[in-house]
Each structure stands twice: as structure tokens, then as C-alpha cells.
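Subject: Structure handover

Hello,

Here is the structure I said I would pass on. Please open it alongside this email, as the notes below refer to it throughout.

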Amino acid sequence: MKRKYTSSKYKRRSKILLKKRKHKQRKRKKLILIRKKKLLRIKNEYLRHKHSNIRTSQKGKQLSISAPEDFSIVNNINEMMDFFDEVYMHVIDGRKRILLDLSRIKTLTPDALLYLLSLLEYYTQELKFKKISGNYPSEPNILKIFEESGFTKYVLADASHRKRSENILSIESHDLVQGKTAKKVVDFTKNKLKTFTPSHSRSLYATLIECMANVKNHAYSDKKRIHPPKWWLIAHHDETENKIKFVFLDNGVGIPSTIHKKFDEVFKKTLGFNNDSQLILSVLDGDFRTRTKQEWRGKGLPKIFEYFQQKRIENLIIISNKGFIVANGRKTITFDRKFRGTLLSWDIV
Amino acid sequence: MIKIKISKDYSETPGARYKTDGPDNGEEFRIKFLEPYFNDKDNNEILLIDLDDTEGYGTSFLDESFGGLARKYGVDKVLKRLQFISLQDPTLIEEIHGYIKK
């Protein structure tokens, strides 16, 4: 009988297998190197712009990252970005399980909940990182908002932390324009604010449709994405001030990124646009009309700004990439971090 | 004269621009409700569009429905054959004329 290891067929086969194994090893090493470089870049970026020390603690292979006590994007953006960047860094690193420690939260605004949801979806669905979990706030009032907002519906949690509230229209989410959802929000507002006129109702409906349409048509230009971008929406009735606060968030590429794709740096510098906030302001004014190079498009954001100027909506805030606009007084807030997506927040009194 | 009431004949909750954007969009409205009358060369009837009783309109719906019609059939032809009722929000008519003329 011929000994196997001497046959020429066996020798040829094992040579091919060895070649394939070496190719796989080289590919794996390359991926590890790319990931290390990415992690270093993220870490350096984070340390360069860090404003506060985020509390972390490790227990075995689980890393606990504490959320800021003031859990609010609109009121505490720098500390919130520190928190989310710390999380992102460890997601990219990939070696540890992450626990988002929300127990110390003392104040909470709905925009932070939406942003947290959008990032969790990004980590689990786009980056395929599933080793992330969280706990609940200890403060009873904060826990109540958490439960009533519908946040737990979107994460893997038991039904015991889901409650309904008359004062919160729980989080809605989709990737398409949904007129029926916009109607639901309008009806909620009509029910809560007795002075809400039909004219304001139509403006609110149009604002919501514009926001959803912007996500569909302009936010999705990142070809690396697996899933199309989505939007999230929440409405909260503040009984003490008798106003309704709306927050709309999408996880697209952001307004400034969309503009950057269309116009080159020289053109933008010529017009004096040196930062994302100025770009967003100019979009609100109707400049840089649309990414699609079709003149009749791109009226959505200017329309929303028009409603603000007509006082049909109030306290408009827009955050996108590194731009932070407070429409009252056309104020821009210096912001050196990258906000993933676009957030619009406004009130109706 | 042919009357089309959007809230009754199409949708109380008009959406955005294209079919790919979501339901009740402007493209579908234009193709199903407006274009058949313009494709028929013997038909010169006026189309009276009633904009009332919907929840509201996004700019992209209006532009795709009426501006899109003008881009396909010509501004003059569309302006001649379309008339609008909008008692609840009269500013819509001027807005739509703006989309048609662009």
C-alpha cells in the first residue's frame, strides 16, 4: 500500500491547503491592524476633545460605563458626547462586554433617549456588536419617564418596565414617511393643548412629514450601511408649562455631511462657511438647496424654519454632525464632537 | 369640470414625494389622478383640485404632484387646466403655483 504522505496528490493538496491557511492568517492580521488603527484614531480624537471624566469600572470581562447625571443632549452635550464616545471606543475594541450604567441619572430629556436608541441600533445592527446591555435609573421620576417613553419596547427587556402615560406619546420609529404616525402626533397635541388651532395642526403635520422625508432622501448616502437610516420621534406634554416638546432624530449622515458631498471646500470657504453650524444656518435660509442638484427640491428644512419664524413652532434646536443651532436668536453653540445623525427639537405652546 | 378632492379620493394623510418614500406620496397621486387627463389629447377639461380636509401637506408632496406635472406637460398647459380650492389654507394655492412655475 502506498503511504499517504508520499503520494504526489496528497502533497499537492496539502500545499493548496497551506496556501489558503496562510492567506486567511494574513487577512485576519490585516483586519486586526485596521481595527487597531481605527481604535487608536477614535481614542486620540476622544482624548483631544474630552471635557469630563466618564466613570468606568470593570468586573471580569464586563466594563460598566456610567451615564452623566444630566442625561440630556440639548442641555449637556459635551458630557453626553464624552459618554457616547467612551462607549463607542469600547464597542470598536470589541473585547469586553459593556454595561451602560444609567442608575445615577438625575435629570433626563427625551432627546437623550432617542439618541441612545439610535446608537444601540447602530452598534448591534451595523457594527454587529451585541455584547451591550444596560440597567435602569434609580430615581423614581426618571425611571417613570424611561418606562413611559416606550424605550424598553425597542431593547431586549421584559415587559415589566413598560408603562403607558397620557402625557407621553411613546417613541415611534420607521424608515419611511408615515402620514398616519404624523396624524397620531397631531391628534395627541390637539388632545393636550386646547388652544391648538387647525392652522397650527397643519403646520405640525407638514413639519413632521418634512422631517421624515429628509431622512429618506438626504440622510442615506453612506454606502457602507447595511440598513437604511431610520427616524425616531417622541412627544411629551409638560403639564406645568402647558407645552408639548417634540424630538425628532434620524441616524443618517447629517446635514453638513450631505452638503460637503455636494460642494467643494473652496466654494464653501468663499461663502464663508467655516463650520457645521454656519452650514446648517444657511440650509435653513434656503441656500445649498439640495444634494440632488434639482432646483425644485430641498425646501423641507427652510419650511420648518419658516414655521418657527411664524411662531407656529417654538424653541427650535437643530444638532447635526458638529453643528448645534438654537434658532432663538440664531445662536450657534461651539461643539467639537461629531453627533451621529440629525436631531430636531421644538415646542408647541 | 372634473373635481378631485384629495382627502376623499386619495388620502387624508398625504405623504412625501416618491413611491419609495412611503405611502400616499405625490408621485402616485400625480400618475393616478392627474396624468390620465393630460395624456388624453382630446380632453381639455378643467381639473378642480380640492385641497381641504387633509391633515396637511409636505412641500415635496405638493411639488411632485403639481410641479412634476408641469415639468412633464409644460407650465402653461398645467396652469390653464388646474384650479384649486383651499379654504382652510389659502396660502397653499400660491405655494403650488410657485412649484408649477419653477
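What follows is a short account of what was found, chain by chain and then across the interface.

Please keep in mind that this is a predicted model.

Chain A: overview

The secondary structure of chain A consists of ten helices and 13 strands. Of its 349 residues, 50% are buried. Among contacts in chain A with a separation of 6 or more, 66% are between residues 24 or more positions apart.

Nonpolar cores

The largest nonpolar core holds 53 residues. The residues with the most contacts inside that core are A:Phe71, A:Ile73, A:Phe83, A:Phe84, A:Leu100, A:Ile319 and A:Phe339. For a closer look, take A:Phe339. Beyond its neighbours within four places in sequence, A:Phe339 is in contact with A:Ile73, A:Met81, A:Tyr115, A:Leu249, A:Ile319, A:Ser320 and A:Asn321. Another core, of 44 residues, lies apart from the largest one, and its members include A:Leu233, A:Ile244, A:Phe246 and A:Phe308.

A buried glutamate

A:Glu172 belongs to strand 7 of chain A, residues 168–174. A:Glu172 counts as buried because its relative accessible area is 15%, and the cut-off for buried is under 20%. Leaving out residues up to four places away in sequence, A:Glu172 touches A:Tyr154, A:Thr181, A:Lys184, A:Trp231, A:Trp232 and A:Leu233. One of these, A:Leu233, is also listed in the core of 44 residues.

Two loop residues with positive phi

A:Lys311 is not a glycine, yet it has a positive phi of about 60°. A:Lys311 sits in the loop between helix 10 (300–309) and strand 10 (314–321) of chain A. With a relative accessibility of 65%, A:Lys311 is exposed.

A:Arg330 is likewise not a glycine and has a positive phi of about 50°. The loop that holds A:Arg330 runs between strand 11 (323–326) and strand 12 (331–332) of chain A. A:Arg330 is partly exposed, at 37% relative accessible area.

Salt bridges within the chains

How many salt bridges are there over all chains? The count comes to 24. In general, side chains of opposite charge can pair when their charged atoms come close.

- A:Asp101 and A:Arg104 form a salt bridge in which the closest N and O atoms are 3.1 Å apart. A:Asp101 is buried, at 9% relative accessible area, whereas A:Arg104 is partly exposed, at 32%.
- A:Lys190 and A:Asp187 form a salt bridge with the closest N and O atoms 4.0 Å apart. Both residues lie in helix 5 (residues 179–192) of chain A, three residues apart, which is about one turn of the helix. A:Lys190 is partly exposed, at 39% relative accessible area, and A:Asp187 is partly exposed too, at 31%.
- B:Glu64 and B:Arg30 meet through their side chains in a salt bridge of 2.7 Å, N to O. This pair links distant parts of the chain, with B:Glu64 in helix 3 and B:Arg30 in helix 2 (residues 26–39) of chain B, 34 residues apart. Both B:Glu64 and B:Arg30 are buried.

The interface of chain B and chain A

Contacts run between 25 residues of chain B and 24 residues of chain A. The size of an interface is often given as the accessible area lost when the parts come together. Here the area buried between chain B and chain A is about 2000 Å², and carbon and sulfur atoms give 51% of it.

Two salt bridges are found across the interface. In one salt bridge, the side chains of B:Glu95 and A:Lys303 meet at 3.4 Å, N to O. Six residue pairs between chain B and chain A are in polar contact.

On the side of chain B that touches chain A, helix 3 (59–73) and helix 5 (91–101) of chain B each supply at least two residues. Helix 3 of chain B gives the most, with four residues. The residues on this side of chain B divide into six nonpolar, nine polar and ten charged.

Regards

Note on methods:
Residues are numbered from 1 along each chain as its sequence is written. Chains are lettered from A and ligands numbered from 1 in the order in which they are written. This is a predicted model: local features need pLDDT of at least 70, side-chain atom pairs count only at pLDDT 80 or more; totals for chains, interfaces and linings use all residues. Side-chain values use heavy atoms; hydrogens and water are left out. A nonpolar core is a set of buried Ala, Val, Leu, Ile, Met, Phe, Trp, Tyr and Cys residues joined through side-chain atoms within 4.5 Å. Buried means under 20% relative accessible area, exposed over 50%, partly exposed in between (1.4 Å probe, protein chains only). Contact means heavy atoms within 4.5 Å. Buried area is the accessible area (1.4 Å probe) that two parts lose on being put together, summed over both. A polar contact is a pair of N or O atoms within 3.5 Å; within protein, one must be able to donate a hydrogen and the other to accept it, and residues adjacent in sequence count only if both atoms are side-chain atoms. Ala, Val, Leu, Ile, Met, Phe, Trp, Tyr, Cys and Pro count as nonpolar, Asp, Glu, Lys and Arg as charged, and the others, Gly among them, as polar.
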